[in-house]
Amino acid sequence: MTTSPNAAAATIPSRPGQPYPLGATVDEQGVNFSIYSENATSVSLCLFSSKRGEKETHRIELTEKTENVWHIYLEGVKPGQLYGYRIDGPYAPQEGHYFNANKLLLDPYAREVHGIVGGNTEILGYDFESEANDRYLHMSDVDSGKVAPKSVVIDSTAFDWGDDKAPRTPMNKSVIYEMHVKGFTYQHPTIDGSIRGTYAALGTPESIEYFKKLGVTAVELLPVHQFSNESYWGYNSIGFFAPHNGYASSDNVVAEFKQMVKNLHEAGIEVILDVVYNHTAEGNEMGPTLSFKGIDNKVYYHTVAEQPQFYMNHTGTGNTFNLTHSQTLRVVMDSLRYWVQEMHIDGFRFDLASALLRELDANVSSFLDTANQDPILSQVKLIAEPWDIGSYDVGQFPVRWSEWNGKYRDCVRKFWKGDNNQAHEMSLRVLGSPDLYADGRGPGNSVNFIIAHDGFTLNDLVSYNEKHNEANGENNNDGESNNESWNMGAEGPTDDPAINAAREQQKRNFMTTLLLSQGAPMFMMGDEYGRTQHGNNNGYNQDNEICWFNWNWDDKHQALFDFTSQLTALRQKYPLLSRRKFYEMEQIDWLRPDGQVFQPEDFGNPDTHCLALWIDGARVGEQDETGQYINETEEGASKLLWVLNSYWEDIPFTLPAPHKSRTHYEVVIDTAAGEIESGRQITVKEPFNVPARSSVLLRMV
């Protein structure tokens with residue numbers, strides 16, 4: 001056994017320790033610390049007082065290095081200890097190196113972070129007082145130790161999971177609710193005010209009762225990896241193992257997060273994380289030095305080959321994480337496994353997933369290949385956002401992956417807006433996009449969505465023709481300008497009852513389409529009641545009423561919520577609406593208003609705005625996930641007719657009558673009337689009037 005070479009640390013017995021596992025690993029005698037850096041010349045471990053974390057009590061130089069991993073074991077160190085690293089090496093931006101031992105660095109494997117990330121000039125690695133355009137070339141000598149965030153030693157075994165069990169809802173049976181941890185409960189009227197906007201609030205009976213009533217099977221949380229405080233959404237991660245401390249109501253962040261997951265699982269609700277491994281909060285050459293940049297910049301980031309002081313920017317946020325390096329790939333894979341094994345997470349949505357595949361060559365095992373073969377990740381949901389700022393890869397991810405289906409979003413918006421030339425694509429999208437996923441995948445590989453956090457809310461999609469992002473402070477230049485929205489006659493709120501009624505009907509059309517389509521539906525927090533952001537389609541920096549969930553509802557809000565929750569119940573009631581496999585041609589028909597089967601020229605007609613899907617359950621004869629047969633007999637088979645009419649006039653529809661003994665239909669859904677399972681019946685003897693811009697689901701009885 002040796003002691004630290006530092007006089008200040010001589011009271012802490014130490015030994016060489018082990019290079020793996022990386023991070024801070026607790027046992028009964030102390031803690032093993034290890035960190036990877038292949039280009040550093042020296043690494044020092046810094047310990048801080050455990051209250052405010054401003055006083056550095058020990059600085060211990062690490063003398064052991066194994067396979068580029070610097071490591072030490074300290075006896076007597078306990079969970080709760082605050083720590084960080086100071087790493088020295090060349091400050092040579094023209095060579096891609098930004099080492100600066102004046103900057104305290106977060107451990108990439110830190111399980112918890114203490115303090116606020118960002119907002120101080122001291123964390124900039126360059127001379128920020130210089131007015132030169134190339135000031136990033138000049139190293140800062142300002143110490144960041146007092147203000148920099150600190151890593152926290154955590155005992156991951158301390159939490160009692162009891163009999164926690166993952167719900168494992170199949171993708172095709174999933175109903176995903178994209179949401180923001182703080183925004184959902186921050187204004188909740190009955191949850192204890194001391195915990196609103198936190199993990200604890202999300203795990204309360206009030207929240208869980210709401211999810212159950214709404215009928216969602218999974219919550220997809222906007223980023224909860226520790227992030228810097230510039231963004232409300234959280235898409236600037238810096239700690240891939242640490243739950244964001246700003247969402248915790250207590251000092252025990254990890255335990256609070258785990259309890260939230262445990263409570264949701266007990267209610268049968270899965271937890272999916274939106275993860276951002278494509279870039280970090282350190283930004284470009286003008287960004288802060290918080291962790292990876294100061295640990296080993298050339299390892300962790302894609303730099304420009306001819307000018308390595310600059311970063312490849314495939315994300316629009318300054319840098320791109322370098323998954324072509326084995327160590328960077330290890331960090332991501334270890335992070336994913338940690339969240340599954342230790343935090344009991346049920347799946348991941350990968351932000352700008354195309355950026356994870358950049359600059360690979362034949363000699364590099366891609367992230368997708370590595371993830372696909374992983375025995376832990378094979379048990380959870382993997383969902384790609386299949387694009388970045390320069391690549392659009394919808395339908396291109398491997399069989400193991402589901403995708404946010406951007407083509408579904410765009411087509412459904414255009415169809416209900418009344419655009420021409422949408423009939424053929426619409427017929428594919430509502431069937432789960434077999435043109436994109438019939439390569440060994442199924443409908444569940446298509447995550448269907450019309451609204452997500454980025455863009456208009458559902459209410460605003462039918463209320464605004466143009467974005468109104470003035471509150472963002474960028475002169476309304478930020479955000480997407482092409483929204484495929486339609487205000488239906490007035491820009492924003494109006495007192496016109498006809499326009500307001502049309503908007504409510506259009507919201508029901510969108511929700512009905514989403515929840516009756518094959519695939520995995522996802523909708524955004526608040527769309528079930530008509531949440532508005534007042535035309536703001538880029539609320540990334542709006543940590544206020546613009547983006548928070550409003551619990552003060554009127555009758556209109558309640559009516560849309562009731563309609564949506566009835567739709568989710570219907571989706572579960574009729575297995576034909578959420579199949580594992582794509583429909584085969586002999587199991588369905590697409591019908592024209594005259595009752596005849598669609599011909600190619602009908603799909604190709606730019607003026608086709610009304611189409612109907614006829615599903616004959618007797619032709620299906622398929623086992624579901626539990627082994628039960630769907631509509632095993634002709635007598636008990638459901639026969640469903642789903643009519644989608646985006647035309648601006650009513651259309652008389654001739655109803656199919658394949659059986660003489662069955663001459664009536666029951667109206668299951670009528671978006672014009674706002675009805676679900678009203679019991680109303682109609683006869684096949686006369687054409688059924690489908691109202692303008694409406695959707696109707698009928699069941700033969």
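A salt bridge here is a side-chain nitrogen of Lys or Arg within 4 Å of a carboxyl oxygen of Asp or Glu. The model is predicted: local features need pLDDT of at least 70, side-chain atom pairs count only at pLDDT 80 or more, and totals for chains, interfaces and linings use all residues. Residues are numbered from 1 along each chain as its sequence is written, and side-chain values use heavy atoms, with hydrogens and water left out.

**View A. Glu403 and Arg441 form a salt bridge.** N and O lie 3.5 Å apart. The pair links distant parts of the chain, 38 residues apart. Glu403 sits in strand S23 (402–404), Arg441 in the loop between helix H10 (434–437) and strand S24 (446–449). Helices (H or I, at least four residues) and strands (E, at least two) are DSSP runs, numbered from the N terminus. Glu403 is buried at 0% relative accessibility; Arg441 is buried at 8%. Buried means under 20% relative accessible area, exposed over 50%, partly exposed in between (1.4 Å probe, protein chains only).

**View B. Glu484 pairs with Lys417 in a salt bridge.** The closest N and O atoms are 3.2 Å apart. Glu484 lies in the loop between helices H11 (458–461) and H12 (497–516), Lys417 in helix H8 (406–417), 67 residues apart. Glu484 is buried at 18%, whereas Lys417 is partly exposed at 22%.

**View C. Arg680 meets Asp670 in a salt bridge.** The N to O distance is 2.8 Å. Arg680 is partly exposed at 30%; Asp670 is buried at 6%.

**View D. Glu56, Arg59, Arg86 and Asp143 are linked in a salt-bridge network.** The structure holds 28 salt bridges.
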